[in-house]
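Visitor: I have a model open and would like a guided look at it. Could you take me through some questions and answers?

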Amino acid sequence: MAENKVEIIEKSTKQYIVVQIGSEKYGIDIGYVDNIVRMQKITRVPKAQVYFKGIINLRGEIVPVMSIRTKMGLDDDVFTNASRIIILKIEDRGALGVIVDEVCEVVTLSEDEIDRSAVSANNAKDNFINGIGKNGDALISLFEINAIIDERENA
Amino acid sequence: MDVSQYLEIFIDESGEHLQTLSDCIMTLEKEPDNKDTINEVFRAAHSLKGMAGTMGFKRMQHLTHDMENVFQEVRSDKIQVDSSMIDLLFECLSAIEGYLDNIKATSDEGTEDNELIIKELNDFIAKAKGEAVESAPKESAAEEKPKESDGSFKKFELSDTEKKTVAGAREGGSHIYGMTVYVEKDCLLKAARAFLVFRAVEEFGQIVVYRPSSQDVEDEKFDLDFSFYIASTEPLDKIEAAAKNVSEIEKVISLEIEEEKTEAAESAPASTESKSAAAASAPAKTAAAPKAAAPAAKKQTAGKPATNRTVRVDIEKLDALMNQVSELIIAKNSLVSISSTEGGNFASQGFHEQIEYLERITTSLHESVMKVRMVPIENVVNKFPRMIRDLSRTLNKKMELVMTGEDTELDRTVVDQIGDPLQHLLRNSADHGLEDAALRAQRGKPEVGNIFLNAYQEGNNVIIQVGDDGNGIDTEAVKNKAVERGIITPEQAEAMSQKEIVNLLFMPSFSMAKKITDISGRGVGLDVVKSGIEQLGGDVEVKTKLGEGTTFTVRLPLTLAIIQALMVEVRDEKYAIALGSISNIEDIPVKEIKYVQAKEVIHLRGSVIPLIRLDQILDIEPREEEPESLTVVIVKRGDSQAGLVVDNLMGQQEIVIKSLGKYINGNKLISGATILGDGEVALILDVNTLM
């Protein structure tokens, strides 16, 4: 009996890495995350899309790094000791780094802890979000990974 | 049977066999009596048939089977190779290529039966049979359609060696019996049944001739019947009974083969069940001649192609290996940079020696891996003679392709992509380049137009020259056309050099063809060639002389993965410039900069070179005050030059080219990135787009 219960829970939950960007907390589906690395020297690529900060050397691989702040239309990144680059691994397109202010924790959310209706298409920032996760008192905006990797830029 | 896992191998190997066929048929056209070639052609056709059969591609099998029949006749000197036959064979090859393309695209051979070609092939054989006195055309037709056979003994032609074997057996006092065995339709293990039949009859004598060959029978490469000649001293009905004893054998037809076997075949219409014509005519005295076995065995082994000492490797595995070697080189580079910068701690001689040793090993490892990836351009260019031959027919111009340096090797990725541009250039030569016969005669040129393709290595590049001894490019006509199309103004046209005019041909949608032909002239011409070659990091140049010919020179890098580069600094950013595109480096005092049309140029040893400020085009903060002299890296592309202004030169280095990935785009200035010894990332400037 007990075992069965565990299985059922596992099926309907997902783990998210909770990161801080500005004053808000965002969640990234752990399935997409390959790696989290400390901030390092980013080589600027001239004439690239503005939200691409440049490229880094990740153990011999060249990985482009994106500023999610620029893409979402927020203030510029301020790099601190807590800044991290989340390396996302996306099928067919390879690795992509996303700069975040801080990595907080990993949470497990079940589907009924996620509010999908709070997302409206009108809010520009919401385009990158597919739901709001409720972890105790804290609200976590869950990133829609495909929107992040999409060409589209927030005006 | 699920054969999908073999599909790739099948496609690969079929392609190879087709190429062999095409090559050999080209050779045959020139030397119709070349026995080796004929044998090779036969082998290739035979393997192709077998493979198609195994994979269940019935139509393809059928076509190759009939083609093989023709080769069989050629091999046994029944048919002389002539030009109509060569044409037909090439049609066949095209049809088979069609099947193969279908298979590649959809894993299915498609529904085209190519009946016309098959009929023509059979007509060919029938005609040849008619000429060959030995048998009536009617019978040979029946022979070509085994399915229609009514269960008679199948007559077949013997090769010379087989004739000798038969004669040898006869001299030994044996009778030669011919037998055709029909296997039941729903028999599952035909080959096994055949084996049992062979074993049963071999108790009585020696099988001297197999149809199809014993190898094919073993491989189940026969429909429902197979035939053989057996030399035996026993009476025929005994042998026949033994053969019939094997289960799942529908019937056995047999007859004794007389000395004049044509007579025997005709006089013995071999009724269904064994009313064998000359059953036990002469009882034997001695046992079957043992020497008969030897030549028969020899023939079998000759049929098998020699095995190559090569291994097929998935290109992805090679790429992975290459990547790992690249990593190793990067790691080595960083060790080198540590040892030189922090010399204090690592000053021991042993450490330096080991570093040097490591350097040697990585360099040779890198070379070896590169060599593995190198393939001769032969794989691409060897389809061209055939193409030129076809073009010669369609254009009705006499021409000949002379190729040299087919063994020149290039990186696999380059070779894979160079085919189309080269093909395009050759078609251009054939169509636009060569004049028609009358004009050639008038100009005193040989009747047969000469098209050439020369490949050779030059430093870190491979040069491929494609050209002709034809008309050359009429620069006046090009100029007029360009003005007419509004690409340039008449004034501009006047000021243009010959070279610039010729380069107009590389503009998109610029075709000189007066009428659109099958071959070229659709306006997607040289610009495609140019961009294709540039994508590979190469370039193309034209030399032409009106009335004498045109030569296109294609220059390609040996490899795409690792290059020698000059590292430069602009402010605090590091960039790599491929050494191959640098002609020289100059220190230019600022006051020597001149202006032409408000653009900065320098005048250097007679040539005027435009200056490109890297900091400006790369969006780097400008310097607060200009130094007195500039470091200028002069780069070249073809004959054009440009001077890149940099802050600092860091030196030459072997760099591993890495792609920027699929996310960052709209960036033509940067062709990739590389990782330096200290782990830092430097961008590689694409000089071609700067000019």
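This is a predicted model: local features need pLDDT of at least 70, side-chain atom pairs count only at pLDDT 80 or more; totals for chains, interfaces and linings use all residues.

Visitor: How many salt bridges does the rule find across the interface of chain B and chain A?
Guide: Residues are numbered from 1 along each chain as its sequence is written, chains are lettered from A in the order in which they are written, and side-chain values use heavy atoms, leaving out hydrogens and water. A salt bridge needs a side-chain nitrogen of Lys or Arg within 4 Å of a carboxyl oxygen of Asp or Glu. Across this interface, the number found is three.

Visitor: Which residue of chain A forms a salt bridge with B:Glu573?
Guide: Look for the closest N and O atoms of the pair, which are 2.7 Å apart. The partner of B:Glu573 is A:Arg44.

Visitor: How much area do chain B and chain A bury between them?
Guide: Buried area is the accessible area (1.4 Å probe) that two parts lose on being put together, summed over both. Of this, 54% lies on carbon and sulfur atoms. The total for chain B and chain A is about 2100 Å².

Visitor: Which residues in chain B lose the most area to chain A?
Guide: Three residues together account for 36% of what that side buries. They are B:Tyr663, B:Ile664 and B:Val681.

Visitor: Is B:Ser227 buried or exposed?
Guide: Buried means under 20% relative accessible area and exposed over 50%, with partly exposed in between (1.4 Å probe, protein chains only). Because its relative accessible area is 4%, B:Ser227 is buried.
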